[in-house]
Amino acid sequence: MTSRIPRDSRLRLVRPRPLAAAPTAVNQRRPRRPAPRPPEGTPAPGELARMARTGLAGAVRVARWADTALGPGSDAATADGKATLSDSTAERAAADLGLSVTQVRAEWDTARLAGLVEVHGDSARPGWRLRAWDRDDSAVLRGWVALFDAWSLACPEPADHEPAAVAEVVSAMPQVLSFLQLSAGPVPVEQLLDLLQQRVTELRTERCEVSYAPGSAESAGPVEPAPEDTPLPPLLDWALRALASVGALTCGDNQATLTPLGSWAVWVKLEQICVAAQSPAGNIEQSAEDMLRGCAQLRPNAARAEYRAWLAARPVGSAVTELLAAARGEDALLRGLAFEALRVVGAPAEPDVRSVVDDPALRPYALLWLAEHDGIDPEDAHEVLTREEATWLWVDTAAAVADHGETTMLVRHLEAAVQPTVPVLLDEVRAVGHPRTVQVLVALAAAHPDPALAKAVRRAAFQVHTGG
């Protein structure tokens, strides 16, 4: 999670790849290796999921209230497009749930960060994790990890400290968490403070060792160093409180201890693994959604064989309808896989695919499908997309990678962006208004090894989160 190797932290992207390859990114797998075992004493996945459900029970309750009382896509949930509950909605929820308005707002924010609800402008809708909450332990654990990644957004940062100092502490906390995980027990806060100071010093040293070529990051501006005399104890206290608020650790008697969930999540990050999706079994008898989930871990050729078998067992018309219904769901991975299956269908699917071109969530996928169907080379098909559509597709694919892929894949996904630099990408990602923007940026910031780039991405996530 950390490295002491000086890096070139100029905010730029490598040469972009065609967007036509983006939807298949989550199917690109390295050779399999034996899955590492979690540390001895780590609870079983089912028990971890039970802990996560308990910790997020309040957020789930508010999310389900919003789903029932407001209805999916309601435009009365938020105010001013800032993803915060309007006063009237918060008061109504508080009265219905027997909570205070403050509690409702806090649980709403938690629900958004965990992917239980998605906000787009002034409208809100339930996230796919909420739909799968009671039946899918994997979805629950991924939701909790998303909240864990966003810990710095879960608790307001100190207002009287330099933003650069706060960013340094956020960048240094993975090493602190790794030490807590390896310690497997209570650690005095004074010892964590020493480690934090060491890591912040390393970050400042690395920053000073990097030379910036003139004009290499003009749009981003220079990275402002934090004052050398910035007091770290208050910032460490804030970080520990924020991590405790998401259920990653507990504090008491001037000591900090990772919870079982926190220890497991840090181990997952260290091992760069993801919760494995259920292996495919009997896909020919499954619904389109379950079939696509079962094929998610297959290589492209094997997945296409599964699609052909599934399609052969049912009428083309109903199969296409079912695939498009799965594509309209909240899981971005299924959206990309559904259109891969529709490529196997070929010409019979054209009328139905053309009918969804005006659906904002499906439009980029449909345009690419139609371009390839009309004979355009897949490497050139992305040219039919506008810049905004390509950016929306980049975020949607990143959401699929963040939910189902390895962290290294999310970092490599930067190569698929059409924007030439990270600052331009972040500006356009914020403007496109994808409902998963915050979660994608938080996950990218947590995964990227470059401190300066991670800081810029984290700042963009915070601005989107607060409506700035």
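How many helices and how many strands does the secondary structure of the protein contain? The secondary structure comes to 22 helices and five strands, where helices (H or I, at least four residues) and strands (E, at least two) are DSSP runs, numbered from the N terminus. This is a predicted model, in which local features need pLDDT of at least 70 and side-chain atom pairs count only at pLDDT 80 or more, while totals for chains, interfaces and linings use all residues. Residues are numbered from 1 along each chain as its sequence is written, and side-chain values use heavy atoms, with hydrogens and water left out.

**View 1. The protein as a whole.** Of the 468 residues of the protein, 50% count as buried. Buried means under 20% relative accessible area, exposed means over 50%, and partly exposed is in between (1.4 Å probe, protein chains only). A contact means heavy atoms within 4.5 Å. Among contacts between residues at least 6 apart in sequence, 71% join residues at least 24 apart.

**View 2. The open sheet of β3, β5 and β4.** Three strands form this open sheet in the order β3-β5-β4, and the pairing is antiparallel. Two strands pair if DSSP finds at least two bridges between them. The edge strands are β3 (187–188) and β4 (249–252), each of which pairs on one side only. Between β3 and β5 (residues 255–258) there are two bridges, in the antiparallel sense. Four bridges join β4 to β5, and these strands also run antiparallel. Ala256 of β5 is the bridge partner of Val187, and Cys251 stands opposite Ala256 as well.

View 3. On β5, the covered face has Ala256 and Leu258, and the uncovered face has Gln255 and Thr257. Helix α8 (residues 163–183) lies across β3, β4 and β5. The angle of α8 to β5 is about 80°; axes are lines fitted to C-alpha atoms, for helices over the stretch in contact, and angles run from 0 to 180 degrees between N-to-C directions.

**View 4. Two residues with a positive phi.** Most residues other than glycine have a negative phi, and most peptide bonds are trans. Ala184 has a phi near 55°, a positive value in a residue other than glycine. Ala184 is placed in the loop between α8 and β3, and it counts as exposed because its relative accessibility is 70%. Asp253 also has a positive phi, near 55°. It is found in the loop between β4 and β5, in a hairpin with two residues between the strands. With a relative accessible area of 77%, Asp253 is exposed.

**View 5. Cysteines Cys155 and Cys251.** Is Cys155 buried or exposed? Cys155 counts as buried because its relative accessibility is 13%. Cys251 has 46% relative accessibility and therefore counts as partly exposed. A disulfide is a pair of cysteine sulfur atoms within 2.5 Å, and by this rule the count comes to zero disulfides.

**View 6. The packing of α12 and α15.** Helix α12 (residues 288–295) and helix α15 (residues 332–345) pack at an angle of about 95°, with their axes 10 Å apart. The two helices are therefore roughly perpendicular to each other. Angles under 35 degrees count as roughly parallel, over 145 as roughly antiparallel, 65 to 115 as roughly perpendicular and the rest as oblique. From α12 the contact is made by Glu289, Leu292 and Arg293, and from α15 by Leu334, Leu337, Ala338 and Ala341. By class, this contact has five nonpolar, no polar and two charged residues. Ala, Val, Leu, Ile, Met, Phe, Trp, Tyr, Cys and Pro count as nonpolar, Asp, Glu, Lys and Arg as charged, and the others, Gly among them, as polar.

**View 7. Glu340 in helix α15.** Glu340 has its place in helix α15. Its relative accessible area is 14%, so Glu340 is buried. In sequence Glu340 and Leu292 are 48 residues apart, and in space they are 9.8 Å apart, C-alpha to C-alpha.

**View 8. Thr437 in helix α21.** Thr437 lies in helix α21 (residues 437–447). Which residues is Thr437 in contact with, leaving aside its neighbours within four places in sequence? They are Val395, Val429 and Val464. Thr437 counts as buried because its relative accessibility is 3%.
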